[in-house]
Amino acid sequence: MPERDLTAELAAWAQEAWPGERPANIEVEPLFADGSLRSFVRLRGGVRSLVAMANPVNQAENRSWEYLAHHLGRLGLPVARVLAADQASGRFLMEDLGQGSLMEAVAAAGKDQEVVAELYRPVLAMLARLLTPQAMGLNVELCYDGPELTPRVLREQEANYFLRELVLGAAGWQPEELPPELEDELEVLCRLAGEARPRALVHRDFQSRNVVYYRGRYGLVDFQGARLGPAQYDLASLLHDPYVQLPWSLRQRLLEEFLALAAAQGAFNQGEFQAGWAPVSASRLMQALGAFAFLTRKRNRPQFAPSAAPALASLGRVMQDPTMAGFVGLRQVVEQTPERLGPHSFDFLGELH
């Protein structure tokens with residue numbers, strides 16, 4: 001079913017909810033929602049610029065988003081302050097964090113790795129804050145999609161998503177072609193990733209499009225899926241981000257810088273973190289690949305198709321880690337999937353899907 005255009009009614013509500021004296025003239029700019037089903041508009045009036053969001057179909061997600069906006073703000077993370085909220089209709093008005101992203105800033109930096117590393121350092125500091133007891137003291141009852149990333153969640157929402165949407169879907173593997181050991185391997189992988197230590201507050205989609213970068217200032221968005229989970233998860237999302245494709249030498253350097261930041265905060269077991277790094281990275285990349293296939297083929301978002309190849313390449317590289325040597329069936333699938341993808345693998349399947 002085509003998505004409903006909420007722009008006009010959202011803009012009208014936001015103008016009514018404008019904090020303080022409402023300007024005589026307010027400009028309205030619809031914003032691209034990327035992979036989300038939510039609607040966004042930017043409103044400029046006088047010297048202020050605000051952003052309104054509508055999500056009328058998922059009240060549980062809205063409650064999580066509003067709660068997490070306050071929780072992350074109290075931790076000192078740069079999230080937009082909520083200025084008006086109508087939970088009943090799913091409409092919110094918030095500060096405008098700006099128009100750029102970390103992804104765009106990295107693209108502008110080109111191949112200058114020193115400039116790119118400098119861009120990532122404040123972001124690593126944000127991630128380190130998610131390790132603190134204050135961060136983990138959130139009310140998990142308000143996490144709409146579950147309180148924690150467990151082995152069962154990773155199996156259902158990441159490994160199975162990857163198999164269903166990318167491997168069997170976009171790449172066209174037949175079930176009987178899959179290695180017989182694959183199911184058992186995915187069970188083991190999800191257990192290793194889901195039980196990895198240390199634990200942290202996990203944003204769940206901490207990649208460069210969700211980090212605002214505007215005039216030297218950072219912002220964090222799309223955090224409504226946050227919950228507890230392995231501390232490696234968000235760093236894997238950031239460093240193995242297919243939208244920017246950081247060189248592997250820089251990924252390793254930023255990983256080491258993050259470990260130093262985490263250790264400086266107090267008790268932090270680097271050995272535990274390193275032991276879980278490859279399994280959690282593999283799980284995160286499988287989630288991204290499942291999402292790219294789903295969004296292109298079933299949500300008609302073709303802009304995600306080019307990201308599948310770099311994500312598969314990163315997953316292939318992660319599978320070369322010595323700790324992943326036992327996953328021979330998964331490695332076979334990852335190695336052979338690129339050659340099964342063709343020019344129409346990510347075509348939209350139609351409204352019935």
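Helices (H or I, at least four residues) and strands (E, at least two) are DSSP runs, numbered from the N terminus. This is a predicted model, where local features need pLDDT of at least 70, side-chain atom pairs count only at pLDDT 80 or more, and totals for chains, interfaces and linings use all residues. Residues are numbered from 1 along each chain as its sequence is written, and side-chain values use heavy atoms, with hydrogens and water left out.

Start by selecting 248-264, helix H9, and 270-299, helix H10. Their axes (lines fitted to C-alpha atoms, for helices over the stretch in contact, with angles from 0 to 180 degrees between N-to-C directions) come within 11 Å and cross at roughly 145°. The crossing of H9 and H10 is right-handed.

Now show side chains: Leu-255, Phe-258, Leu-259 and Ala-263 of H9 meet Gln-270, Phe-273, Gln-274 and Trp-277 of H10, contact being heavy atoms within 4.5 Å. That makes six nonpolar residues, two polar and no charged (Ala, Val, Leu, Ile, Met, Phe, Trp, Tyr, Cys and Pro count as nonpolar, Asp, Glu, Lys and Arg as charged, and the others, Gly among them, as polar).

Next, hop over to the sheet. Five strands form an open, antiparallel sheet in the order S1-S2-S3-S5-S4; two strands pair if DSSP finds at least two bridges between them.

Look for Asp-86 opposite Arg-91 in S5.

Methods:
A crossing is left-handed if the near helix is turned anticlockwise from the far one by less than a right angle, and right-handed if clockwise.
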